[in-house]
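Reader: I have the model open. Can you walk me through how the chain is put together?
Author: Here it is, and then ask away.
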Amino acid sequence: MSATDTSGPDLRRAAAARALDLVKPGMRLGLGTGSTAAAFVTLLGERVRAGLDVVGVPTSEATRAQAEREGIRLATLDEMPQLDLTIDGADEVDSSLRLIKGGGAALLREKIVACASRRMVVIADAAKRVDTLGAFPLPIEVNPFGLAATHLAVAAAIGKAGCTGGIRLRAAADGTPVVTDGGHRIIDAHLGSIPDPEALSTALWAVPGVVEHGLFLGIASAAILASARDGQAHVTVLGDLG
C-alpha cells in the first residue's frame, strides 16, 4: 500500500510525526523539499502556532512558501550557517543510509543544507528502501552552459563507474527544460542499478559542468520509514536518531 492510497493510513504523515518528536525548542532546522517533507512542515507549523520556537532554513522556494504560510520563522544559511537537524525525504534509501534525492529538482540546496546540519534524518514511505540504489533515475544538476558537451561527459562518467543506461534532460509538462531554483538544468540517469555509488559520485564530480548530483553518501544519520500493516501505519528506524 502506498502513501498515496487514500484508503489506508497516511504514511507520509506517520513518518513526519515521528520526526517531529526529534524537534526541541530553539532548534535550527533544515526544511526539506517534496511531498513527505511537506507533511513535516505542515505538522511543524501546527507546533509553532501552539508556541514552539524554532527557526527553519528551507531547501527550495516551494518549501519557503509553505513554511511562510505555516508561520514558521525562517532564516538563510548566511544568517545561520550551522543547523541542528535537517528533516527531508528521499527517492531511495539503502541499508547503509545512502540516498538518491532530487526528484523535486532541489538536490543542490538540499545537500548544502543537509551538510550544514549536525544531523540529517530522512522520512519516507518504506517502499523507498532498496537493496541497491538506481531504480529511481539519478538526478544530476548541470550548468546550462555547454549543455551538449556536459551531456556527453556525464554519459562517459557513468560508463567509467561501471553503470549502464540512458540519460536525458528533464523536461516540464510543456516540453521545456526544467530549471532549478539556482537556474540550472537536470539530467536524469536511468541506470536501473548503481553497483558502486561512491565510484559514480567520484566520476560525476570530475565533469566540469556538473553542479551537483543526487547521491547523498555519508550524509544521513537515520531514516524513519513508514509502512502499512493491518490498516495502521507502522514506523521503523534505520540508523541512529540521536
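Author: The domain assignment gives domain 1 (11-130 + 218-239) and domain 2 (138-212); such bounds come from an automatic or database domain assignment. This is a predicted model, where local features need pLDDT of at least 70, side-chain atom pairs count only at pLDDT 80 or more, and totals for chains, interfaces and linings use all residues. Residues are numbered from 1 along each chain as its sequence is written, and side-chain values use heavy atoms, with hydrogens and water left out.
Reader: How far apart are the C-alpha centres of the domains?
Author: They lie 25 Å apart.
Reader: And how many residues are in contact?
Author: 13 residues of domain 1 touch 15 residues of domain 2, where contact means heavy atoms within 4.5 Å.
Reader: Ok, sheets. What's the strand order in the four-strand one?
Author: S8-S9-S7-S10, an open sheet with antiparallel pairing. Strands are DSSP runs of E, at least two residues, and helices are runs of H or I, at least four, numbered from the N terminus. Two strands pair if DSSP finds at least two bridges between them.
Reader: Which strands stand at the edges?
Author: S8 (166-169) and S10 (210-213); each has a single partner strand, so one side of each is left without a neighbour in the sheet.
Reader: How many bridges between S7 and S10?
Author: Three, with S7 covering residues 138-142. Val142 is opposite Val210 of S10.
Reader: Which strands does H6 touch?
Author: Helix H6 (residues 197-205) packs on the sheet against S7 and S10, and its direction makes about 160° with that of S10. Axes are lines fitted to C-alpha atoms, for helices over the stretch in contact, and angles run from 0 to 180 degrees between N-to-C directions.
Reader: What about H4, where does that lie?
Author: Helix H4 (residues 107-115) lies across S7, S9 (185-190) and S10, at about 65° to S10.
Reader: Changing topic: how do H2 and H3 cross?
Author: The axes of H2 (residues 35-49) and H3 (residues 61-70) come within 9 Å and cross at roughly 25°. The two helices are therefore roughly parallel, a label for angles under 35 degrees.
Reader: Which residues make that contact?
Author: From H2, Ala38, Val41, Thr42, Gly45 and Arg49; from H3, Thr63, Gln66, Ala67 and Glu70.

Key. Angles under 35 degrees count as roughly parallel, over 145 as roughly antiparallel, 65 to 115 as roughly perpendicular and the rest as oblique.
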